[in-house]
Amino acid sequence: MKILRKISETRKITSALILRKKIIGFVPTMGYLHEGHLSLIKAAKKKSDVVIVSIFVNPLQFAPNEDFTKYPRNFKKDEKLCRAEGVDYIFYPDIKEMYPDDFSTYITVENVSAGLEGKIRPEHFRGVATIVLKLFNIVQCSFAVFGQKDAQQACVIKKMTEDLNINTKIIISPTVRENDGLAMSSRNVYLTPGQRADAAYLYKALEYARRKIMLENYNRDIAFLKGQMSKLIKSRKTATKIDYISFNNSRTLEEVQTLKNLKSASILISLAVRFGKVRLIDNIVIKR
Ligand code: AMP
């Protein structure tokens, strides 16, 4: 496994791989790897000749009041984990390599970026889309794997590749969870033991909605389900604020208000909840 710190070196290597008709699978990450990331690497490995993982905490997707400087980092551990998974290259650039002082081009994906996370974090997806397109151009991958955990991010990236005719296939891999249902996240390390226990209620709330709709055939207003989910989460002392609980079309992200007359729809149920300073997101998709 080789660690690449420079764009020029990386492109030289990937160009040579392409000439040799190798399939390059790519997994972009911000590091502090956990089983969720490793599942994406495993998925990439199955379909490729060469796997590249990028580790870059992208300042552009953090607002000034967010946790960019405090975001957990542990390159040595990440390196070990990647080696154990049989990763071929880690692209690990520094900030100046990716964003020189005169950097001035940004990607905005409209509509799908607007709601949910986009409402609370207005610049976030502009930062995500910009870094992902840069990374695609650097690693020249045949396909890239993203996690369902960040459902809206997956929609934004898919839309960007479609709209800009980017020659990279986007694969979405299922969310990996802890035993009690909490979605794995690098940010879970911030949780106190009390918050960690309460955080499992996010998945319980999502599962409640799934049960009502899929098993009990609930088919009326979403407002009732949202209310019940909210009650369940608020019953946990350390859940300090619910940013949103939302039901949306899983592809267009248009909001769903009622289940009445809704047939053969794929619905994304997503939420964002703060536990003190720690903000967690999660989602499930149900097909009706
Ligand atoms: P991050 O390092 O948080 O930017 O995440 C890098 C990639 O890993 C993104 O595509 C995430 O959606 C994905 N990811 C993060 N957590 C999980 C998880 N628990 N299960 C599956 N994929 C995940």
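This is a predicted model: local features need pLDDT of at least 70, side-chain atom pairs count only at pLDDT 80 or more; totals for chains, interfaces and linings use all residues.

Me: Which residues come nearest to the ligand, and what makes a residue near a molecule?

Reply: A residue is near a molecule if one of its heavy atoms lies within 4 Å of it. There are 17 residues around the ligand, and H37, G147, D150, V176 and M184 come nearest. By class, eight are nonpolar, seven polar and two charged. Here Ala, Val, Leu, Ile, Met, Phe, Trp, Tyr, Cys and Pro count as nonpolar, Asp, Glu, Lys and Arg as charged, and the others, Gly among them, as polar.

Me: Which helices and strands each supply at least two residues of the shell around the ligand?

Reply: They are β2 (24-29), α2 (35-47) and β5 (143-147). The largest share, three residues, comes from α2. These elements are DSSP runs numbered from the N terminus, helices being H or I with at least four residues and strands E with at least two.

Me: What lies 2.9 Å from a nitrogen atom of the ligand?

Reply: A backbone N or O atom of M184 lies at that distance from the ligand nitrogen. A polar contact is a pair of N or O atoms within 3.5 Å; within protein, one must be able to donate a hydrogen and the other to accept it, and residues adjacent in sequence count only if both atoms are side-chain atoms. The protein covers 92% of the 490 Å² of accessible area that the ligand has on its own, by the Shrake-Rupley method with a 1.4 Å probe.

Me: How do you know that the span of helix α7 is close to the expected one?

Reply: The expected span is 1.5 Å times one less than the number of residues. Helix α7 (residues 151-163) has 13 residues and reaches 18 Å from its first C-alpha to its last, against an expected 18 Å. Helix α8 (residues 193-215), with 23 residues, reaches 33 Å, close to the 33 Å expected. After α7 comes N165, with a positive phi near 50°; just after α8, N217 has a positive phi of about 55°.

Me: Which residues of α7 are buried, and what covers them?

Reply: The buried residues of α7 are A151, Q152, Q153, A154, C155, V156, I157, M160 and T161. Their cover includes α5 (116-120), α6 (124-139), β5, β6 (169-173), β8 (266-275) and β9 (278-287).

Me: Why is D243 called buried?

Reply: Buried means under 20% relative accessible area, exposed over 50%, and partly exposed in between (1.4 Å probe, protein chains only). D243 has a relative accessible area of 14% and is therefore buried. D243 belongs to strand β7 (residues 241-249). Its side chain makes polar contacts with the side chains of K241 at 3.1 Å and R279 at 2.7 Å.

Me: Why do N248 and I245 count as buried?

Reply: N248 counts as buried because its relative accessibility is 3%, and I245 because its value is 10%. Both N248 and I245 are found in strand β7. The side chain of N248 reaches the backbone oxygen of L253 at 2.8 Å. Contact means heavy atoms within 4.5 Å; leaving aside neighbours within four places in sequence, I245 is in contact with K226, M229, S230, I233, S270 and L271.

Technical notes. Residues are numbered from 1 along each chain as its sequence is written. Side-chain values use heavy atoms; hydrogens and water are left out.
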